[in-house]
Each structure stands twice: as C-alpha cells, then as structure tokens.
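This report describes how two chains meet. The sequence and structure come first, and the contact is then taken up part by part.

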Protein chains: 2
Amino acid sequence: MNNEQLVRITRYYRALNRLRTIGLEKVFAHNLADAAGVSPAIVRKDFSQLAIHGQKRGGYEITDLIGVLGSLLGKGDPQNCIIVGCGRIGKALIHYTGFEPDGIRIVAGFDNDPNVYTDSSSPIPLYSLNRLDEIVSALKVKVAVITVPEVAAQESYDRLLKAGVRGILNFSPVTLKPVPQEDGTVVVVHNINIALELEQIFYELKFPAMGHRE
Amino acid sequence: MNNEQLVRITRYYRALNRLRTIGLEKVFAHNLADAAGVSPAIVRKDFSQLAIHGQKRGGYEITDLIGVLGSLLGKGDPQNCIIVGCGRIGKALIHYTGFEPDGIRIVAGFDNDPNVYTDSSSPIPLYSLNRLDEIVSALKVKVAVITVPEVAAQESYDRLLKAGVRGILNFSPVTLKPVPQEDGTVVVVHNINIALELEQIFYELKFPAMGHRE
C-alpha cells in the first residue's frame with residue numbers, strides 16, 4: 001500500500017463511519033469515490049487489490065467494509081494525542097469535535113504560561129510543559145500536535161522526542177524534520193504551514209499551468 | 001516549474017524574508033536547504049535551473065534572491081483573503097500573525113450567526129454571509145479560507161464560487177473538489193483535514209514501511 005492509497009483508504013473509512021451514523025447499510029463504489037475525491041474505477045481497483053468484493057446486486061455492506069478497512073488502518077489501538085501550545089490554534093483543536101468519530105482522543109494540553117494551563121474551563125486537562133515527560137509516559141502518548149509560536153517550535157519538538165513521542169503534526173511555520181532515534185524507532189512528522197498553503201493557492205491561480213491539487 | 005519545486009521556492013522565499021529580518025545579508029545553499037528540509041544539492045539545482053548564480057566567495061545576496069524569487073512567485077500583487085466561518089478555528093486564523101510577513105492579508109470574516117459577526121473585538125471587519133457577494137466584489141477577493149462546520153462546507157463553497165472566489169483553503173472535513181467554471185477560470189482547492197493527518201501519522205507509526213513524509 002503506497003501513501004496515496006493510504007490517503008484514499010482513510011477517506012473511505014471516514015466516509016463509511018459517517019454513512020453508518022446516518023443509518024445507511026450499503027454503499028456503492030461511486031459513493032466512496034465522491035467522498036474521497038477519486039473516480040469509482042479507483043475505488044474498485046483499491047478494493048480488488050485488498051481482496052474486498054462487492055455483492056451480486058452491487059454495492060458493499062458498510063459494516064463489513066468498516067471492519068476490513070479498520071483493521072487495515074490499525075483501528076482499535078488507542079489513538080491518544082496531546083496538544084503542545086494552548087494559544088488560539090491549540091485551543092481551537094482542543095475544542096474540535098471532529099476527532100472522536102475517527103477514534104482520536106486529545107488527552108492533554110501543555111503550555112508554559114500558568115495563566116493558560118490553569119484555565120479551569122478547558123474540556124481536557126492542561127499542564128505545565130515541565131510535566132511533559134511525566135504525563136507522556138503515564139498516558140503512553142506517541143503523537144503530539146505542535147501549536148506553539150515559531151520561536152518555540154524546535155525546542156518543543158526536541159522535548160517531545162526526548163519524552164518518547166514519535167509522531168508530530170506541526171502547525172508552526174518552522175519546517176520540522178524527522179530525526180533518527182538512537183533506539184531505532186521511526187519518527188513521523190507532518191508539517192502544515194497555513195501561510196505557505198495560502199501562498200501556493202495564490203501562485204496556482206496566477207499560473208494555472210501548475211495544475212490544481214485537491 | 002513543478003509543484004514540488006514551487007513548494008521549495010516558497011519555502012526559500014519565506015526563509016529569506018526571515019533571515020533578512022534578523023539582519024543577515026548573505027545566505028548559503030545549506031542554510032536554505034535546512035529551512036526547506038532538502039539537501040543543499042537540490043537548492044543549487046533549483047537555482048541553477050532558474051539561472052540564479054552565487055558569488056565567487058560563495059553564498060548569495062539575500063536581497064537579490066528575494067527580488068528574483070518574489071517576482072517568480074507573483075509577489076507585489078495584492079494577496080487579499082477572507083475567512084468563511086468565524087468559530088474557534090476561524091477566529092484563531094483571524095488573530096494569526098504569521099500571514100503578514102508573507103504578504104497575505106485577511107481582509108474580512110463571514111459568519112451566519114449575528115452573535116459572531118457583530119463581535120466588536122475582532123481585529124478585522126466581520127459580516128453576515130448574506131453580504132458575501134457584495135464584499136468579495138468590492139475588495140476583489142479571489143481566495144477564501146473555509147472554516148465552517150462539516151454540514152455547511154459544500155454550501156459555503158458553492159456561494160464562494162458564485163461570488164467569484166477561485167482559490168479555497170478548506171479546513172472542514174469535507175473533501176471539496178475544483179469545479180470547472182463557465183467563464184473558463186481555474187479553481188484551486190487545497191483541503192486540510194486535520195483528523196485525517198493525525199490518522200495517517202498513527203498509521204505511519206504503526207507501519208513504518210510506509211516511509212515518512214515531511
């Protein structure tokens with residue numbers, strides 16, 4: 001399975017959960033194609049490669065598909081995640097309700113400002129950054145979202161790796177790079193640079209020959 | 001110039017602006033390589049293709065580079081942008097200070113809730129969604145960020161296209177697709193699905209054979 005196929009399969013999986021939530025039992029390749037932004041032929045090809053077969057009358061059982069794709073995606077494992085940096089973007093993510101349907105739980109937030117981490121209105125526990133090692137270890141956290149200001153990004157990243165976190169979703173404008181670990185574990189970093197995304201959109205509008213992405 | 005090269009060049013450009021801000025005058029390929037997360041050889045290859053040459057003693061003049069890359073990226077054009085959906089994520093972006101250094105200006109926010117769009121503490125003007133056509137036309141806005149809830153995403157997108165917006169950065173979990181326009185203009189859509197990014201990170205940690213992305 002390559003990276004593009006993984007993106008599609010996570011999209012199918014999310015669409016299937018939403019379809020099940022609204023009471024559907026069967027789904028067709030073109031439904032999933034719409035949800036994932038690909039052609040029905042690609043959905044059928046993906047499923048055929050994964051040895052998933054439809055029914056005689058056409059369509060797939062949603063519950064079956066969720067089972068197969070879910071085990072493929074490692075669902076059932078705990079997907080605990082922390083937020084480092086509880087400014088406006090961090091707080092928006094803490095209150096975001098779109099993670100739970102996908103089995104992702106934001107279990108704690110960290111900040112170095114006592115005015116921030118003592119905020120009693122937070123829906124999840126907030127801690128001082130000094131307690132990062134302790135909490136990461138206690139909750140067996142492997143994935144963190146970095147939403148600190150640019151100047152604090154590299155230090156936060158270093159501390160997270162030291163604490164044992166191995167997956168990073170980075171919203172700071174600094175491009176963080178995966179660092180080989182002495183214990184041989186893999187580090188995965190996804191950088192989301194919002195200003196850069198906007199710049200590229202302006203650029204692609206200016207020079208349409210660049211083609212569009214989804 | 002392909003898409004990957006564009007991403008690198010926007011990264012070089014941003015790094016150069018930051019380096020100039022802190023008073024540097026010269027930069028070396030390996031500085032830009034670090035900033036963009038690539039090897040120095042790739043920086044040199046990019047520059048050589050763009051007919052940008054370094055100096056005898058090594059290094060490039062930062063001001064020269066900013067000029068060349070800036071005109072390549074269409075800097076100097078107005079980069080006005082609006083936010084549709086002023087909930088927590090929309091508000092976080094409205095207050096985000098990381099756009100200005102890149103020449104991007106968030107000029108207005110829209111929401112359908114009067115309690116939201118009459119908020120007088122907002123640093124930019126907020127409007128009812130009913131005034132979208134009028135404001136987009138008056139401010140000649142071509143790019144919008146969609147930060148509405150999932151159920152409102154498609155409708156917001158349709159309204160934006162109708163109003164003449166052609167570039168979309170979509171933070172809702174719905175995958176929006178570029179729609180061919182009758183007037184022949186190009187539509188560019190970048191979808192950022194935060195839950196999906198986190199899911200992929202969990203997946204890549206579970207199956208390291210997938211390789212890591214930056």
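## Extent of the contact

In this predicted model, chain B brings 75 residues to the contact and chain A brings 74 residues. The area buried between chain B and chain A is about 6,900 Å², with 67% of it on carbon and sulfur atoms. B:His190, B:Glu199 and B:Phe202 account for 10% of the area that chain B buries against chain A, more than any other three residues.

## Relation of the two chains

## Polar and charged pairs

Between chain B and chain A, eight residue pairs are in polar contact. Two salt bridges are found across the interface of chain B and chain A. The side chains of B:Arg14 and A:Glu199 form a salt bridge at 3.6 Å, N to O.

## Elements that supply the surface

Several helices and strands of chain B each supply at least two residues of the side that touches chain A, among them α1 (3-21), α2 (29-36), α5 (88-95) and β8 (188-191). The largest share of that side comes from α9(B), with 13 residues. By residue class, the side of chain B that touches chain A holds 40 nonpolar, 16 polar and 19 charged residues.

Definitions and conventions. Residues are numbered from 1 along each chain as its sequence is written. Chains are lettered from A and ligands numbered from 1 in the order in which they are written. This is a predicted model: local features need pLDDT of at least 70, side-chain atom pairs count only at pLDDT 80 or more; totals for chains, interfaces and linings use all residues. Side-chain values use heavy atoms; hydrogens and water are left out. Contact means heavy atoms within 4.5 Å. Buried area is the accessible area (1.4 Å probe) that two parts lose on being put together, summed over both. A salt bridge is a side-chain nitrogen of Lys or Arg within 4 Å of a carboxyl oxygen of Asp or Glu. A polar contact is a pair of N or O atoms within 3.5 Å; within protein, one must be able to donate a hydrogen and the other to accept it, and residues adjacent in sequence count only if both atoms are side-chain atoms. Helices (H or I, at least four residues) and strands (E, at least two) are DSSP runs, numbered from the N terminus. Ala, Val, Leu, Ile, Met, Phe, Trp, Tyr, Cys and Pro count as nonpolar, Asp, Glu, Lys and Arg as charged, and the others, Gly among them, as polar.
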